[in-house]
Amino acid sequence: MPRTTQQLHPRREPARTLSAATVLLLRDAPGPDGTPRLQVLMTRRSDKASFAPGAYVFPGGGIDALDADPATHAAAARRPTQSDLHLTQAMAAIRESFEELGILLARHPDGRMAGAADIAAIDRHQPFAAQCQARGLTLAADSVYLLAHWTADRDLPKRFDVPFLVAHMPEGQTPVADEQEQFEPVWVHPQDALERHAAGSFFMIYPTIRTLERLAKFASADAVLAAVANEQPLWVSCPRAGLLHGKESRHMEDEAPFGELALVCPDGQIAHPLEWQSERAVPLLKNVQRLTAPNPGVMTGPGTNSYLVGEPATGYIAIDPGPADAEHLDKLWRAAGGDIRMIVCTHSHPDHSPGAAPLQQLCVQAGRAKPPILGLPSAPTARADSHFTPDRALQNHELLALTGKGPEGEITHTLQAIHTPGHAANHLCLLLLEDGLLFSGDHILNGSTTVINPPDGNMADYLDALDTLDALCAQHGADFILPAHGYVLGQARSAIAQLKAHRLAREAKVIAAMQALPDGTLQDWVAHAYTDVPERMWPLAQRSLIAHVERIRAQGPGNN
């Protein structure tokens, strides 16, 4: 993890979370064309509520001590696989559904669901479970399943830790709001709710929106219940927020900016700009800046990321100066205060290394010592536009150190060079040892997979290098990856594992294509193995397919 001395923002303790539970009551009802489709019950919160006033939500509320009481649990039916915690959460959701909307998830001894007479006989303001027991009702906690788990963002002054549960709406019951906390119960298809929210007529908060986005993919209530039958949530999230064009922008763990927000604002400060621009360097830590080159495109995403590691007391190492763009290099040089001690290129591709020599010359012209250009020379297999010869070739695992004196004593920033062939034969990654940061060049990207283009690219080498990086991340506690394209990635080892799994899954599709079409062309195999990729991208995909085919054939005849 990064040193606390390098964090941009002072430590702050997020507000403690409060335990709550909410339930999505589901049914199938005819749509506009008469075809049954999924609906979920929602209700509008009071305009005077202390949390999310006026928002449309699912029924729910705080978990009470009685919800966890063994006597309350004894009043409920439970699944053998339902834990005590999940039972407590289900009890809270059942109780809140009744108190807020008069929905009673309970059964008579003969299996009949509670009806209008039972609902009328139970006082919403008196102990709930005891009243149900007195009428011989068993609470149907066994019909309530865990869909997801949300923890409110770290920046909020009032935070809830909330399981989002799901259950079928009992037949024959009609929701009636308490007109105190909840108003206007409404059945709505998830996509309709999202469209009404976008139009400004159906206000919802972030977790509700994201839940409905995922729920909209299901065709029926039964499909939702089947997906959660294994007692595992479909997702768990504690979102993070940054700034996009001056406005708050929240993101879940599977969204591209999440890792960057975790690095820059670990305690939930809403202070980090997320829009891509090439005008100025973006500080990620006190000792790490990123300047994105103005070369966006299909292969480069928002542009090539150049990084500066260091601070005024130590000078700077420039990583991947990018293309030979005079304005970009001038901005990079100025962001370092002109004090660039070393220039390192992760590999020789034309969006990474051509800027090295002019950046070096810029330093010399300003009267500074000539910073050496470091990296690995391009191999004979490199493309004509990717020839590169550094001033000095780096050794595998060589250390590059910056040192200086600061207010608190000696400062050191140490980069370890790791040879990671695969995308290019001369590819390097760099590990900032003191802060556990992996500069991954093009080996690992955020938002796409890198192209492996033989002969300079090699899939077997690429996968082996992923294993090397995973081991180094484990050894040094590295949890963040800073790629040459895209935002910072968090949970480094998980990201590497997912990337390797993706590559191997793609390889399985390539093997299937080769077996199904033994006399097929490369174009035939791409069309068979890359059905999830837009056809316009197939020429690029074909390059990586060739790399997969080479690896498959090298492993022996049993693989093709």
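Tutor: C238 is buried, at a relative accessible area of 11%; buried means under 20%, exposed over 50%, and partly exposed in between, with a 1.4 Å probe and protein chains only. Keep in mind that this is a predicted model, where local features need pLDDT of at least 70 and side-chain atom pairs count only at pLDDT 80 or more, while totals for chains, interfaces and linings use all residues. Residues are numbered from 1 along each chain as its sequence is written, and side-chain values use heavy atoms, with hydrogens and water left out.

Student: OK, and how many disulfides are there?

Tutor: Zero, if a disulfide is a pair of cysteine sulfur atoms within 2.5 Å. C238 is in no disulfide, and the nearest cysteine sulfur, which belongs to C265, is 14 Å away.

Student: What about C345, buried or exposed?

Tutor: Buried, at 0% relative accessibility. C345 is in no disulfide either; the nearest cysteine sulfur to C345 is that of C363, 13 Å away.

Student: Let's zoom out. How many helices and strands does the chain have?

Tutor: There are 14 helices and 25 strands. Those are DSSP runs numbered from the N terminus, with helices being H or I of at least four residues and strands E of at least two.

Student: And the overall dimensions?

Tutor: Along the principal axes, the C-alpha atoms fill a box of roughly 85 × 70 × 40 Å. The chain has 560 residues, of which 54% count as buried. Taking contacts with a separation of 6 or more, 63% are between residues 24 or more positions apart, where contact means heavy atoms within 4.5 Å.

Student: Now helix packing. At what angle do α9 and α10 cross?

Tutor: Roughly 50°, with the axes of α9 (residues 326-335) and α10 (residues 356-365) coming within 10 Å. The axes are lines fitted to C-alpha atoms, for helices over the stretch in contact, and angles run from 0 to 180 degrees between N-to-C directions.

Student: So what do you call that arrangement?

Tutor: α9 and α10 are oblique to each other. Angles under 35 degrees count as roughly parallel, over 145 as roughly antiparallel, 65 to 115 as roughly perpendicular, and the rest as oblique.

Student: Which residues of α9 and α10 meet?

Tutor: L329, D330, L332 and W333 from α9 meet P358, L359, L362 and C363 from α10. That contact divides into seven nonpolar residues, no polar and one charged. Here Ala, Val, Leu, Ile, Met, Phe, Trp, Tyr, Cys and Pro count as nonpolar, Asp, Glu, Lys and Arg as charged, and the others, Gly among them, as polar.

Student: How about α12 and α13, at what angle do they pack?

Tutor: About 125°, with the axes of α12 (residues 492-516) and α13 (residues 522-529) 9 Å apart. α12 and α13 are therefore oblique to each other. On the α13 side, W525, H528 and A529 meet residues of α12 including R506, K509 and V510. The residues of this contact divide into seven nonpolar, one polar and two charged.

Student: Last one: where does L376 lie?

Tutor: In the loop between β18 (373-375) and β19 (392-393). L376 counts as buried, at 12% relative accessibility.
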